[in-house]
Amino acid sequence: MRAAVEENGVAVVVIPGEVFQSRLSGDRWSSRPVVPARSVLRPDDPTLRRAADILNAGSRVTILGGAGTAGAHAQVMALADTLNSPIVHAFRGKEHLEYDNPYDVGMTGLLGYASGYKAIKEADVLLMLGTDFPYTQFYPEDAAIIQVDIRGRHLGRRTPVDLGMVGSVRDTIDALSPLLKQKTDRTHLDRSLRHYRRTRESLDALAVNDRDRTPIRPEYVAGVVNRLAADDAVFTFDVGSPTIWAARYLTMNGRRRLTGSFTHGTMACALPHAIGAQTAHRGRQVIALAGDGGLTMLFGELITLPQNDLPVKVIVFNNSSLNFVELEMKAAGVVNFGTDLSNPDFGAAARAMGIWGRRVEQPADLEPAIAEALAHEGPALIDVVVARQELTIPPAISAEQAKGFTIYAIRTILAGRADELLDLVTTNVARRILD
Ligand SMILES: Cc1ncc(C[n+]2csc(CCOP(=O)(O)OP(=O)(O)O)c2C)c(N)n1
Ligand SMILES: [Mg+2]
(Lines give C-alpha, C1' and ligand atoms only; values in the text may rest on other atoms or scores of the structure.)
(Ligands and ions follow the chains in the order given, each with its own letter.)
Protein backbone atom coordinates (compact mmCIF):
# COMPACT_ATOMS: atom_id res chain seq x y z
CA MET A 1 0.00 0.00 0.00
CA ARG A 2 2.90 2.33 0.72
CA ALA A 3 4.36 1.58 -2.68
CA ALA A 4 0.99 2.23 -4.31
CA VAL A 5 0.75 5.62 -2.66
CA GLU A 6 4.36 6.51 -3.30
CA GLU A 7 4.38 5.50 -6.97
CA ASN A 8 0.99 7.12 -7.57
CA GLY A 9 0.09 4.42 -10.07
CA VAL A 10 -1.98 1.34 -10.58
CA ALA A 11 -1.58 -1.28 -7.87
CA VAL A 12 -3.11 -4.56 -6.87
CA VAL A 13 -2.96 -5.67 -3.27
CA VAL A 14 -3.69 -9.38 -2.88
CA ILE A 15 -4.70 -10.54 0.56
CA PRO A 16 -4.97 -14.30 1.10
CA GLY A 17 -8.37 -15.17 2.53
CA GLU A 18 -7.08 -16.80 5.70
CA VAL A 19 -5.47 -13.54 6.74
CA PHE A 20 -8.94 -12.22 7.44
CA GLN A 21 -9.62 -15.15 9.70
CA SER A 22 -6.48 -14.83 11.82
CA ARG A 23 -6.17 -12.77 14.92
CA LEU A 24 -3.36 -10.40 15.69
CA SER A 25 -2.61 -9.90 19.34
CA GLY A 26 -3.22 -6.37 20.48
CA ASP A 27 0.38 -5.66 21.51
CA ARG A 28 1.65 -6.40 17.98
CA TRP A 29 -0.62 -3.87 16.37
CA SER A 30 -0.02 -0.21 16.00
CA SER A 31 -2.59 2.06 14.46
CA ARG A 32 -0.29 5.00 14.10
CA PRO A 33 -0.60 6.04 10.44
CA VAL A 34 2.39 7.07 8.37
CA VAL A 35 1.65 10.64 7.40
CA PRO A 36 4.31 12.23 5.22
CA ALA A 37 5.17 15.82 5.95
CA ARG A 38 5.13 18.10 2.95
CA SER A 39 8.56 18.42 1.27
CA VAL A 40 9.94 21.11 -0.93
CA LEU A 41 11.32 19.51 -4.08
CA ARG A 42 13.36 21.71 -6.31
CA PRO A 43 16.73 21.88 -8.08
CA ASP A 44 19.65 23.59 -6.38
CA ASP A 45 20.44 27.28 -6.89
CA PRO A 46 23.15 26.94 -9.59
CA THR A 47 20.79 24.75 -11.65
CA LEU A 48 17.97 27.25 -11.32
CA ARG A 49 20.39 29.99 -12.39
CA ARG A 50 21.22 28.04 -15.55
CA ALA A 51 17.53 27.59 -16.26
CA ALA A 52 16.90 31.28 -15.75
CA ASP A 53 19.76 32.20 -18.09
CA ILE A 54 18.30 30.08 -20.87
CA LEU A 55 14.77 31.41 -20.31
CA ASN A 56 15.88 35.03 -20.05
CA ALA A 57 17.83 34.70 -23.29
CA GLY A 58 14.92 33.17 -25.20
CA SER A 59 12.65 35.31 -27.31
CA ARG A 60 10.02 32.68 -28.07
CA VAL A 61 9.50 30.53 -24.99
CA THR A 62 6.73 27.93 -25.08
CA ILE A 63 5.54 25.89 -22.10
CA LEU A 64 4.46 22.28 -22.54
CA GLY A 65 2.61 21.06 -19.45
CA GLY A 66 1.42 17.64 -18.37
CA ALA A 67 -0.16 15.97 -15.36
CA GLY A 68 2.74 17.10 -13.19
CA THR A 69 1.26 20.61 -13.23
CA ALA A 70 -1.59 19.43 -10.98
CA GLY A 71 -1.87 21.82 -8.07
CA ALA A 72 0.42 24.36 -9.74
CA HIS A 73 -2.11 26.28 -11.84
CA ALA A 74 -1.36 29.66 -10.29
CA GLN A 75 2.41 29.16 -10.57
CA VAL A 76 2.27 28.13 -14.22
CA MET A 77 0.06 31.12 -15.11
CA ALA A 78 2.39 33.54 -13.37
CA LEU A 79 5.36 31.98 -15.14
CA ALA A 80 3.68 32.29 -18.54
CA ASP A 81 2.95 35.90 -17.73
CA THR A 82 6.61 36.60 -16.97
CA LEU A 83 7.86 34.79 -20.05
CA ASN A 84 5.03 35.80 -22.41
CA SER A 85 4.75 32.12 -23.20
CA PRO A 86 1.96 30.25 -24.87
CA ILE A 87 0.99 27.16 -22.86
CA VAL A 88 0.52 23.92 -24.75
CA HIS A 89 -0.81 20.90 -22.90
CA ALA A 90 -0.30 17.22 -23.29
CA PHE A 91 -3.61 15.37 -22.88
CA ARG A 92 -2.96 14.54 -19.23
CA GLY A 93 -2.30 18.21 -18.57
CA LYS A 94 -5.67 19.29 -19.98
CA GLU A 95 -7.64 19.12 -16.73
CA HIS A 96 -4.93 20.99 -14.82
CA LEU A 97 -4.03 23.73 -17.31
CA GLU A 98 -6.74 24.49 -19.82
CA TYR A 99 -9.11 26.46 -17.60
CA ASP A 100 -8.77 30.13 -16.65
CA ASN A 101 -5.74 30.28 -18.84
CA PRO A 102 -5.12 33.36 -21.02
CA TYR A 103 -2.01 31.64 -22.45
CA ASP A 104 -3.78 28.47 -23.55
CA VAL A 105 -3.06 27.45 -27.14
CA GLY A 106 -4.46 23.94 -26.95
CA MET A 107 -3.08 20.49 -27.27
CA THR A 108 -0.31 19.02 -29.35
CA GLY A 109 0.33 15.48 -30.50
CA LEU A 110 -1.36 12.92 -32.64
CA LEU A 111 -4.79 13.88 -31.33
CA GLY A 112 -4.04 17.52 -30.82
CA TYR A 113 -4.36 20.35 -33.25
CA ALA A 114 -2.31 22.72 -35.29
CA SER A 115 -2.07 25.60 -32.82
CA GLY A 116 -0.42 23.50 -30.12
CA TYR A 117 1.93 21.99 -32.63
CA LYS A 118 2.92 25.36 -34.09
CA ALA A 119 3.53 27.08 -30.76
CA ILE A 120 6.12 24.40 -30.02
CA LYS A 121 7.59 24.28 -33.49
CA GLU A 122 8.19 28.02 -33.53
CA ALA A 123 9.71 28.22 -30.04
CA ASP A 124 13.37 28.93 -29.39
CA VAL A 125 13.04 27.61 -25.84
CA LEU A 126 10.70 24.81 -24.81
CA LEU A 127 9.98 24.46 -21.10
CA MET A 128 8.53 21.04 -20.26
CA LEU A 129 6.67 20.97 -16.97
CA GLY A 130 5.68 17.63 -15.50
CA THR A 131 5.13 15.91 -18.81
CA ASP A 132 6.23 12.65 -20.32
CA PHE A 133 4.63 13.51 -23.66
CA PRO A 134 5.76 10.57 -25.78
CA TYR A 135 5.55 11.55 -29.44
CA THR A 136 9.09 12.48 -30.36
CA GLN A 137 8.15 13.89 -33.74
CA PHE A 138 6.23 16.71 -32.08
CA TYR A 139 9.24 18.07 -30.22
CA PRO A 140 11.10 21.01 -31.74
CA GLU A 141 14.31 20.36 -33.61
CA ASP A 142 16.39 23.41 -32.81
CA ALA A 143 14.98 24.87 -29.62
CA ALA A 144 16.73 24.72 -26.27
CA ILE A 145 14.76 22.36 -24.06
CA ILE A 146 14.40 22.52 -20.28
CA GLN A 147 12.54 19.73 -18.53
CA VAL A 148 11.18 19.72 -14.99
CA ASP A 149 9.97 16.44 -13.57
CA ILE A 150 9.70 14.91 -10.17
CA ARG A 151 10.85 11.60 -11.63
CA GLY A 152 14.51 11.92 -12.50
CA ARG A 153 14.37 8.86 -14.69
CA HIS A 154 12.00 10.66 -17.05
CA LEU A 155 14.40 13.46 -17.87
CA GLY A 156 15.47 13.32 -21.50
CA ARG A 157 13.58 10.15 -22.16
CA ARG A 158 11.43 11.52 -25.00
CA THR A 159 13.68 14.16 -26.48
CA PRO A 160 17.22 15.30 -25.82
CA VAL A 161 17.15 18.13 -23.28
CA ASP A 162 19.61 20.92 -22.59
CA LEU A 163 18.73 21.06 -18.94
CA GLY A 164 16.90 18.42 -16.92
CA MET A 165 15.76 19.38 -13.44
CA VAL A 166 14.34 17.18 -10.74
CA GLY A 167 11.64 18.94 -8.79
CA SER A 168 7.92 19.44 -8.44
CA VAL A 169 6.50 21.94 -10.89
CA ARG A 170 5.18 24.09 -8.11
CA ASP A 171 8.30 24.28 -5.96
CA THR A 172 10.57 24.66 -8.96
CA ILE A 173 8.62 27.59 -10.36
CA ASP A 174 8.43 29.21 -6.92
CA ALA A 175 12.22 29.08 -6.68
CA LEU A 176 12.87 29.98 -10.30
CA SER A 177 10.54 32.96 -10.64
CA PRO A 178 12.65 35.52 -8.75
CA LEU A 179 15.50 34.88 -11.23
CA LEU A 180 13.41 35.63 -14.30
CA LYS A 181 13.08 38.92 -16.13
CA GLN A 182 9.66 40.07 -17.23
CA LYS A 183 9.56 39.83 -21.02
CA THR A 184 8.06 42.69 -22.95
CA ASP A 185 7.82 41.26 -26.47
CA ARG A 186 4.49 39.48 -26.94
CA THR A 187 4.92 38.60 -30.63
CA HIS A 188 5.28 34.85 -30.15
CA LEU A 189 2.48 34.70 -27.60
CA ASP A 190 0.07 36.80 -29.61
CA ARG A 191 0.73 34.89 -32.82
CA SER A 192 0.14 31.59 -31.02
CA LEU A 193 -3.05 32.89 -29.41
CA ARG A 194 -4.38 34.13 -32.74
CA HIS A 195 -3.69 30.79 -34.33
CA TYR A 196 -5.39 29.00 -31.46
CA ARG A 197 -8.46 31.20 -31.74
CA ARG A 198 -8.82 30.27 -35.40
CA THR A 199 -8.26 26.60 -34.67
CA ARG A 200 -10.80 26.69 -31.87
CA GLU A 201 -13.37 28.36 -34.09
CA SER A 202 -13.03 25.74 -36.78
CA LEU A 203 -13.27 22.92 -34.23
CA ASP A 204 -16.31 24.48 -32.58
CA ALA A 205 -17.98 24.93 -35.96
CA LEU A 206 -18.11 21.14 -36.21
CA ALA A 207 -19.80 20.64 -32.84
CA VAL A 208 -23.25 21.62 -34.08
CA ASN A 209 -26.42 20.02 -35.25
CA ASP A 210 -25.72 19.96 -38.97
CA ARG A 211 -29.15 20.89 -40.34
CA ASP A 212 -30.77 17.88 -38.66
CA ARG A 213 -28.79 15.58 -40.88
CA THR A 214 -28.17 12.00 -39.87
CA PRO A 215 -26.10 10.27 -38.73
CA ILE A 216 -25.43 12.71 -35.90
CA ARG A 217 -22.01 14.32 -35.74
CA PRO A 218 -19.95 12.90 -32.88
CA GLU A 219 -18.55 16.38 -32.24
CA TYR A 220 -22.09 17.59 -31.58
CA VAL A 221 -22.66 14.79 -29.09
CA ALA A 222 -19.51 15.69 -27.19
CA GLY A 223 -20.44 19.37 -27.31
CA VAL A 224 -23.92 18.77 -25.84
CA VAL A 225 -22.57 16.48 -23.12
CA ASN A 226 -20.02 19.13 -22.24
CA ARG A 227 -22.68 21.83 -22.05
CA LEU A 228 -25.16 19.86 -19.94
CA ALA A 229 -22.72 18.11 -17.60
CA ALA A 230 -22.34 19.19 -13.99
CA ASP A 231 -19.77 21.70 -12.92
CA ASP A 232 -17.85 19.00 -11.07
CA ALA A 233 -18.55 16.04 -13.36
CA VAL A 234 -16.01 13.26 -13.79
CA PHE A 235 -15.55 12.26 -17.43
CA THR A 236 -14.03 9.05 -18.67
CA PHE A 237 -13.54 8.15 -22.31
CA ASP A 238 -12.71 5.15 -24.44
CA VAL A 239 -9.59 4.83 -26.53
CA GLY A 240 -10.71 5.28 -30.11
CA SER A 241 -12.40 8.30 -31.57
CA PRO A 242 -14.10 9.20 -28.22
CA THR A 243 -10.59 10.15 -27.12
CA ILE A 244 -10.50 12.83 -29.76
CA TRP A 245 -13.91 14.21 -28.85
CA ALA A 246 -12.97 14.31 -25.17
CA ALA A 247 -9.75 16.14 -25.95
CA ARG A 248 -11.44 18.69 -28.16
CA TYR A 249 -14.86 19.31 -26.71
CA LEU A 250 -14.83 18.76 -22.95
CA THR A 251 -14.19 21.97 -21.10
CA MET A 252 -12.30 21.72 -17.84
CA ASN A 253 -12.71 24.19 -14.99
CA GLY A 254 -10.52 22.98 -12.14
CA ARG A 255 -13.43 21.09 -10.56
CA ARG A 256 -14.29 18.66 -13.34
CA ARG A 257 -12.06 15.63 -13.77
CA LEU A 258 -11.03 13.84 -16.93
CA THR A 259 -9.58 10.39 -16.81
CA GLY A 260 -8.63 7.90 -19.47
CA SER A 261 -6.16 5.23 -20.43
CA PHE A 262 -3.50 7.83 -21.12
CA THR A 263 -0.51 5.63 -20.50
CA HIS A 264 -1.64 2.27 -21.83
CA GLY A 265 -4.11 3.31 -24.50
CA THR A 266 -6.43 0.39 -23.96
CA MET A 267 -9.90 0.13 -25.40
CA ALA A 268 -12.94 -0.38 -23.18
CA CYS A 269 -11.65 1.72 -20.30
CA ALA A 270 -14.47 4.30 -20.12
CA LEU A 271 -16.96 2.06 -18.30
CA PRO A 272 -14.56 0.50 -15.76
CA HIS A 273 -12.95 3.88 -15.09
CA ALA A 274 -16.43 5.31 -14.52
CA ILE A 275 -17.29 2.46 -12.17
CA GLY A 276 -14.13 3.24 -10.20
CA ALA A 277 -14.81 6.98 -10.11
CA GLN A 278 -18.45 6.54 -9.12
CA THR A 279 -17.56 4.03 -6.42
CA ALA A 280 -15.10 6.53 -4.95
CA HIS A 281 -17.45 9.53 -5.38
CA ARG A 282 -21.01 8.35 -4.92
CA GLY A 283 -22.55 11.78 -5.07
CA ARG A 284 -20.77 13.05 -8.14
CA GLN A 285 -21.94 12.95 -11.73
CA VAL A 286 -19.81 10.45 -13.65
CA ILE A 287 -20.07 10.34 -17.44
CA ALA A 288 -18.47 7.66 -19.62
CA LEU A 289 -17.93 8.49 -23.29
CA ALA A 290 -17.83 5.01 -24.77
CA GLY A 291 -17.12 3.65 -28.22
CA ASP A 292 -19.40 0.90 -29.47
CA GLY A 293 -16.32 -1.32 -29.84
CA GLY A 294 -15.09 -0.39 -26.40
CA LEU A 295 -18.44 -0.90 -24.72
CA THR A 296 -19.08 -4.28 -26.29
CA MET A 297 -15.59 -5.45 -25.35
CA LEU A 298 -16.61 -5.28 -21.67
CA PHE A 299 -20.35 -5.37 -22.19
CA GLY A 300 -21.07 -7.57 -19.16
CA GLU A 301 -19.60 -4.86 -16.96
CA LEU A 302 -22.75 -2.78 -17.54
CA ILE A 303 -24.52 -5.07 -15.10
CA THR A 304 -22.22 -3.75 -12.38
CA LEU A 305 -24.04 -0.41 -12.57
CA PRO A 306 -27.42 -1.65 -11.29
CA GLN A 307 -25.73 -4.38 -9.26
CA ASN A 308 -23.65 -1.89 -7.25
CA ASP A 309 -26.16 0.89 -7.51
CA LEU A 310 -23.82 3.20 -9.43
CA PRO A 311 -25.61 6.02 -11.28
CA VAL A 312 -23.01 6.25 -14.07
CA LYS A 313 -24.18 7.87 -17.32
CA VAL A 314 -22.88 6.10 -20.42
CA ILE A 315 -22.92 7.90 -23.77
CA VAL A 316 -22.20 5.48 -26.61
CA PHE A 317 -20.66 6.88 -29.80
CA ASN A 318 -22.17 4.19 -31.98
CA ASN A 319 -20.51 4.31 -35.39
CA SER A 320 -20.89 0.58 -36.05
CA SER A 321 -17.17 0.25 -36.44
CA LEU A 322 -13.74 0.20 -34.91
CA ASN A 323 -13.41 3.60 -36.45
CA PHE A 324 -10.06 4.69 -35.14
CA VAL A 325 -8.28 1.59 -36.41
CA GLU A 326 -9.95 2.09 -39.76
CA LEU A 327 -8.04 5.34 -39.96
CA GLU A 328 -4.85 3.65 -38.86
CA MET A 329 -5.32 0.97 -41.49
CA LYS A 330 -5.89 3.59 -44.17
CA ALA A 331 -2.74 5.33 -43.01
CA ALA A 332 -0.81 2.13 -43.53
CA GLY A 333 -2.39 1.72 -46.96
CA VAL A 334 -4.42 -1.30 -45.85
CA VAL A 335 -7.92 -1.72 -47.24
CA ASN A 336 -10.30 -1.80 -44.28
CA PHE A 337 -11.11 -5.29 -43.22
CA GLY A 338 -12.82 -6.65 -40.13
CA THR A 339 -13.65 -3.26 -38.67
CA ASP A 340 -17.45 -3.36 -39.10
CA LEU A 341 -19.46 -3.96 -35.97
CA SER A 342 -22.95 -5.32 -35.99
CA ASN A 343 -24.54 -3.88 -32.92
CA PRO A 344 -27.76 -4.41 -31.05
CA ASP A 345 -29.90 -1.48 -29.93
CA PHE A 346 -27.78 -0.61 -26.88
CA GLY A 347 -30.62 1.40 -25.34
CA ALA A 348 -32.86 -1.66 -25.36
CA ALA A 349 -30.03 -3.86 -24.08
CA ALA A 350 -29.50 -1.41 -21.20
CA ARG A 351 -33.21 -1.47 -20.33
CA ALA A 352 -33.09 -5.25 -20.25
CA MET A 353 -30.45 -4.90 -17.53
CA GLY A 354 -32.49 -2.48 -15.47
CA ILE A 355 -30.65 0.61 -16.70
CA TRP A 356 -32.43 3.68 -18.08
CA GLY A 357 -31.72 3.29 -21.79
CA ARG A 358 -32.47 5.08 -25.02
CA ARG A 359 -31.34 5.03 -28.62
CA VAL A 360 -30.99 8.38 -30.38
CA GLU A 361 -30.79 8.66 -34.15
CA GLN A 362 -32.16 12.16 -34.80
CA PRO A 363 -30.13 15.25 -33.87
CA ALA A 364 -33.22 16.96 -32.45
CA ASP A 365 -33.69 14.14 -29.93
CA LEU A 366 -30.15 14.31 -28.63
CA GLU A 367 -30.24 17.19 -26.21
CA PRO A 368 -33.50 16.19 -24.45
CA ALA A 369 -32.24 12.61 -24.14
CA ILE A 370 -28.94 13.66 -22.60
CA ALA A 371 -30.68 16.06 -20.25
CA GLU A 372 -33.09 13.32 -19.17
CA ALA A 373 -30.30 10.78 -18.70
CA LEU A 374 -28.22 13.18 -16.63
CA ALA A 375 -31.22 14.02 -14.46
CA HIS A 376 -32.09 10.35 -13.96
CA GLU A 377 -31.28 9.11 -10.48
CA GLY A 378 -29.84 5.75 -11.42
CA PRO A 379 -27.53 4.51 -14.17
CA ALA A 380 -28.40 5.58 -17.71
CA LEU A 381 -27.18 4.78 -21.20
CA ILE A 382 -27.74 6.60 -24.46
CA ASP A 383 -26.93 4.84 -27.70
CA VAL A 384 -26.20 7.66 -30.15
CA VAL A 385 -25.93 6.66 -33.79
CA VAL A 386 -23.05 8.83 -35.00
CA ALA A 387 -21.21 9.40 -38.23
CA ARG A 388 -18.17 7.36 -39.00
CA GLN A 389 -15.13 9.60 -39.24
CA GLU A 390 -13.23 9.85 -42.43
CA LEU A 391 -10.71 12.21 -40.97
CA THR A 392 -10.15 13.16 -37.35
CA ILE A 393 -8.58 16.48 -38.14
CA PRO A 394 -10.60 19.37 -39.52
CA PRO A 395 -12.25 20.17 -42.06
CA ALA A 396 -14.39 19.30 -45.10
CA ILE A 397 -12.75 19.66 -48.49
CA SER A 398 -13.88 19.79 -52.07
CA ALA A 399 -14.51 16.60 -53.98
CA GLU A 400 -11.50 16.63 -56.27
CA GLN A 401 -9.14 17.35 -53.41
CA ALA A 402 -10.78 14.91 -51.08
CA LYS A 403 -9.27 11.64 -52.15
CA GLY A 404 -5.63 12.55 -52.27
CA PHE A 405 -5.77 14.91 -49.35
CA THR A 406 -7.58 12.52 -47.05
CA ILE A 407 -5.18 9.71 -47.67
CA TYR A 408 -2.23 12.00 -47.40
CA ALA A 409 -3.52 13.56 -44.22
CA ILE A 410 -4.18 10.31 -42.42
CA ARG A 411 -0.92 8.90 -43.61
CA THR A 412 1.08 11.83 -42.38
CA ILE A 413 -0.75 12.33 -39.10
CA LEU A 414 -0.71 8.71 -38.09
CA ALA A 415 2.70 7.95 -39.52
CA GLY A 416 3.93 10.74 -37.29
CA ARG A 417 4.84 13.17 -40.01
CA ALA A 418 2.50 15.85 -38.84
CA ASP A 419 4.95 18.57 -39.70
CA GLU A 420 4.28 17.96 -43.36
CA LEU A 421 0.57 17.75 -42.86
CA LEU A 422 0.26 20.81 -40.70
CA ASP A 423 2.42 22.78 -43.06
CA LEU A 424 0.03 21.71 -45.77
CA VAL A 425 -2.92 22.72 -43.65
CA THR A 426 -1.52 26.19 -43.20
CA THR A 427 -0.73 26.69 -46.87
CA ASN A 428 -3.05 27.11 -49.78
CA VAL A 429 -5.03 23.91 -49.50
CA ALA A 430 -6.19 24.72 -46.02
CA ARG A 431 -6.84 28.31 -46.83
CA ARG A 432 -9.11 27.26 -49.65
CA ILE A 433 -10.81 24.84 -47.32
CA LEU A 434 -11.28 27.30 -44.52
CA ASP A 435 -12.45 30.10 -46.76
C1 LIG B 1 -7.48 -3.72 -25.97
C2 LIG B 1 -7.24 -2.98 -27.24
N3 LIG B 1 -7.42 -3.60 -28.42
C4 LIG B 1 -7.21 -2.94 -29.59
C5 LIG B 1 -6.80 -1.63 -29.58
C6 LIG B 1 -6.57 -0.89 -30.89
N7 LIG B 1 -7.68 0.05 -31.07
C8 LIG B 1 -7.56 1.35 -30.73
S9 LIG B 1 -8.96 2.20 -30.99
C10 LIG B 1 -9.76 0.84 -31.60
C11 LIG B 1 -11.18 0.94 -32.07
C12 LIG B 1 -12.10 1.45 -31.02
O13 LIG B 1 -13.42 1.27 -31.47
P14 LIG B 1 -14.62 2.00 -30.75
O15 LIG B 1 -14.57 1.77 -29.29
O16 LIG B 1 -15.87 1.59 -31.45
O17 LIG B 1 -14.30 3.53 -31.00
P18 LIG B 1 -14.33 4.31 -32.43
O19 LIG B 1 -12.91 4.58 -32.79
O20 LIG B 1 -15.07 3.49 -33.39
O21 LIG B 1 -15.07 5.56 -32.13
C22 LIG B 1 -8.90 -0.26 -31.59
C23 LIG B 1 -9.28 -1.61 -32.08
C24 LIG B 1 -6.59 -1.03 -28.32
N25 LIG B 1 -6.19 0.23 -28.22
N26 LIG B 1 -6.82 -1.72 -27.17
MG1 LIG C 1 -16.89 2.58 -32.92
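**The sheets and their helices**

A: Let's start with an open sheet of six strands, which run in the order S3-S2-S1-S4-S5-S6 with parallel pairing. At its edges you'll find strand S3 (104–107) and strand S6 (163–166), and each of these pairs on one side only. Going from one strand to the next, the twist averages 20°. Keep in mind that this is a predicted model.

Strand S2 (residues 87–89) and S3 pair in the parallel sense over two bridges, and His89 stands opposite Met107 in S3. Helices pack here too. Helix H3 (residues 45–57) packs on the sheet and touches strand S1 (61–65), strand S4 (125–129), strand S5 (144–149) and S6, with its direction making about 135° with that of S6. Helix H8 (residues 187–204) lies across S1 and S3, running at about 55° to S3.

Next comes an open sheet with the order S8-S7-S9-S10-S12-S11, again six strands with parallel pairing. Strand S8 (257–259) and strand S11 (356–360) stand at its edges with a single partner strand each, so one side of each has no neighbour in the sheet. Here the twist averages 15° from one strand to the next. Inside it, strand S7 (residues 234–237) pairs with strand S9 (residues 286–291) in the parallel sense over four bridges, and Thr236 stands opposite Ala288 in S9.

What packs on this sheet? Helix H9 does, touching S7, S9, S10 and strand S12 (380–385), and its direction makes about 165° with that of S10. Helix H16 lies across S9, S10, S11 and S12, at about 170° to S11.

Those two helices also meet each other. H9 (residues 218–228) and H16 (residues 363–375) pack at an angle of about 35°, their axes 10 Å apart, and H9 passes H16 in a right-handed crossing. Among the residues making the contact are Val221, Val224 and Val225 of H9, along with Leu366, Ile370 and Leu374 of H16. In the whole contact, 10 residues are nonpolar, none are polar and two are charged.

One last stop is the magnesium ion (ligand 2), which is coordinated by Asp292 (OD), Asn319 (OD1) and Ser321 (O) at 2.0 to 2.1 Å. Asp292 is in helix H12 (residues 292–297), while Asn319, 27 residues away, is in the loop between strand S10 (313–318) and helix H14 (323–331). Both Asp292 and Asn319 are buried.

Terms used: Residues numbered from 1 in each chain as written. Chains lettered and ligands numbered in written order. Predicted model: local features only at pLDDT ≥ 70, side-chain atom pairs only at ≥ 80, totals over all residues. Heavy atoms only, no water. Axes fitted to C-alpha atoms, helices over the stretch in contact; angles between N-to-C directions. Left-handed = near helix turned anticlockwise from the far one by under 90°. Contact = heavy atoms within 4.5 Å. Nonpolar A, V, L, I, M, F, W, Y, C, P; charged D, E, K, R; others polar. Donors = N, O, S within 2.8 Å, 3.2 Å for Na, K, Ca; no water. Buried < 20%, exposed > 50% of the residue type's maximum accessible area, 1.4 Å probe, protein only. Pairing = 2+ DSSP bridges.
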